[in-house]
Amino acid sequence: MGEQLFITLLSLCFAPVVSVVILVLVLASLGKSLGIRRRYVKLLLQVFEFGKEKISTYNKNKQNGDDSDDEDANENTKKPCENGNGLNVIERDISISYSKGIRIQSISTDINDVKKKFDLSDIMYFAKCGVETIIEDDVTQRFSAEELPSWNLLSRTSYGYHYISLRLTIIWGLGFLARYFVLLPFRLILAVLGIGWLIVCTAFIGYLPAGKFKRELNQYVMLMCFRILSRACSAIVTFHNRENKAKNGICVANHTSPIDVIVLSCDNCYALVGQAQGGLLGVLQRAMGRATAHIWFERSEVKDRHLVTKRLKEHVDDLDKLPMLIFPEGTCINNTSVMMFKKGSFEVGTTIYPVAVKYDHRFGDAFWNSSKQGMIQHLLNIMTSWAVVCDVWYLPPMSKLDGEDAVEFANRVKSEIARKGGLVDLEWDGQLKRAKVKDSWKEKPQEEYSKMLKVD
Amino acid sequence: MGARSSMQLQEEEINEIQRETGFSQSQIVRLYSRFTSLDKSNNGFLSREDFLRIPELAINPLGDRIVHAFFQESNDDTVNFKQFMRVLARFRPIKTNQDKNKMNTREDKLRFAFKMYDLDGDDKISKDELLAVLHMMVGANISEEQLGSIADRTITEVDYNKDNQISFEEFVKAMEKVDVEQKMSIRFLN
């Protein structure tokens, strides 16, 4: 009986599901949209707004309940400021960095101009600075999920699920059912179809003789496949300044997740650069490599800087080849900041097309915390989130100035991307996610402090 | 994943920490989320490595001494959340109308600074200790000889009982004119 009912229900679902899938595929291949996703996002925003109101009234009621908390009321009535990193616990006074040394905000004069004798109280600057960084620092916070200003009805976020009101719980429950039992299966079907289609098409294109036809066909197929894949995570991407789209050269972007590639490839075709992988990623890399030139390095080759630069240079010199897409941060950052750009891609000496990608984290966290979760888990997280909503800005192409070295050029491009995407511009290396600081980085603060001291 | 763990922080614990340190409920919850994100091994304790994984602390010339202050609260090589909060409490701003038993009095703040110099924990700063700390602060930029004369001068200036060491009382006296409140307080937001 149960089995019969199940089969009947399944078959009833079959026709609508198939027709929706076909509709999506057709729309994706034509690059059109019915605007359903945008309407869906609008609806979500209304729901979040409702949730926010509920939560704030709930908090107000709770606060009226206990009166012990008023002690700090006069301490600081200023609201927590948002500086691109969610909510802050403290306002930092002293900052320390390996290139700029020590900066103290409450002292207006440049400490480089201060000349004074050593005083026992000098130690307090270091102490305060150190404890401030323990409470809040610029680097490690970039490697964990950004905190939300209010709950987005996903129980995995920093707010977690807790009972606030019956209506909110019902909405959360409905959302859960929709995400896991409607959106997820549907997105999985699209993902499998997209990947399958990519593998099949590239295999055929691989047999075509090199030439204009092959290039154009490949471009068309790539756009189509990536648009299907972008729908597999309900990506809603707004592209700005499309006149600055890369045609050749190197396109550099800030890096949040492997999803970046799908997002950017919905609008332009890129040659990808990266380490050759095994498993499913390896299959995809080889498939894409059949249809056009991508650059996959073996593990042993990555260390050889000269070889890497040479292969990049060969690629960009051939104007028939696609622009290269490179993430110079070399690791995923939580999309609140841009961290140090590795100089490699800026040494090639070609035009750089900077791109800034900013995700709207209310709809789901796009950041891949690779030290905490595997790639598959991350992708499942994305596919069970509300949507991937993001803005992509194409910046005007940039070239190295006379007298500028690769590192300076890289920093200039990084600042531009940070400015456009509304991200914090950091000089710290993203590799600090795993590596320790260099001992020599201690020297700059020491040197600066020494300069301050008047010695006889 | 601070959230899930901040759930684990019990109401009574929050209240206890609030009574002891004077931090507000929301500050305690947020600092707990920071504590758990520093706690890479997820065992409820911080080790020295956990602290020094913060790059800005690792490049602080006195980073090791600051970390050491946290471990003085505990007798073993770990710091739990309460101990963590007790050290942070020293850096709360002083308020005029507050209870005396909070941990952020002028004396508490001075004690923290004093202990950073007192390497062997004998409640006295000897010339060698002062030299060693000076060395951490300036690196190789100032010669041993010059550091020696700085240390000598500093000690003679404040050493009232002429034992060639600085006691805590002498240290407090030397700091009389210093705006300790400003230099040793962090602006906590609500």
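This is a predicted model: local features need pLDDT of at least 70, side-chain atom pairs count only at pLDDT 80 or more; totals for chains, interfaces and linings use all residues.
View 1. The pairing belongs to a strand contact between chains: S1(A) and strand S3 of chain B (residues 187–188) are joined by two bridges. The two strands run antiparallel.

**View 2. Salt bridge between B:Arg34 and A:Asp137.** B:Arg34 forms a salt bridge with A:Asp137. The closest N and O atoms are 2.8 Å apart. Between chain A and chain B, the count is three salt bridges. Polar contacts link 16 residue pairs across the two chains, both residues at pLDDT 80 or more.

**View 3. Elements on the chain A side.** H3(A) gives the most, with 13 residues. By class, this side of chain A holds 29 nonpolar, 18 polar and 21 charged residues.

View 4. Contact involves 68 residues of chain A and 72 residues of chain B. The chains bury about 6200 Å² between them. Carbon and sulfur atoms account for 62% of that area. In chain A, A:Leu120, A:Met124 and A:Ile134 lose the most area to chain B. Together they make up 13% of what the chain A side buries.

Notes
Residues are numbered from 1 along each chain as its sequence is written. Chains are lettered from A and ligands numbered from 1 in the order in which they are written. Side-chain values use heavy atoms; hydrogens and water are left out. Contact means heavy atoms within 4.5 Å. Buried area is the accessible area (1.4 Å probe) that two parts lose on being put together, summed over both. A salt bridge is a side-chain nitrogen of Lys or Arg within 4 Å of a carboxyl oxygen of Asp or Glu. A polar contact is a pair of N or O atoms within 3.5 Å; within protein, one must be able to donate a hydrogen and the other to accept it, and residues adjacent in sequence count only if both atoms are side-chain atoms. Helices (H or I, at least four residues) and strands (E, at least two) are DSSP runs, numbered from the N terminus. Ala, Val, Leu, Ile, Met, Phe, Trp, Tyr, Cys and Pro count as nonpolar, Asp, Glu, Lys and Arg as charged, and the others, Gly among them, as polar. Two strands pair if DSSP finds at least two bridges between them.
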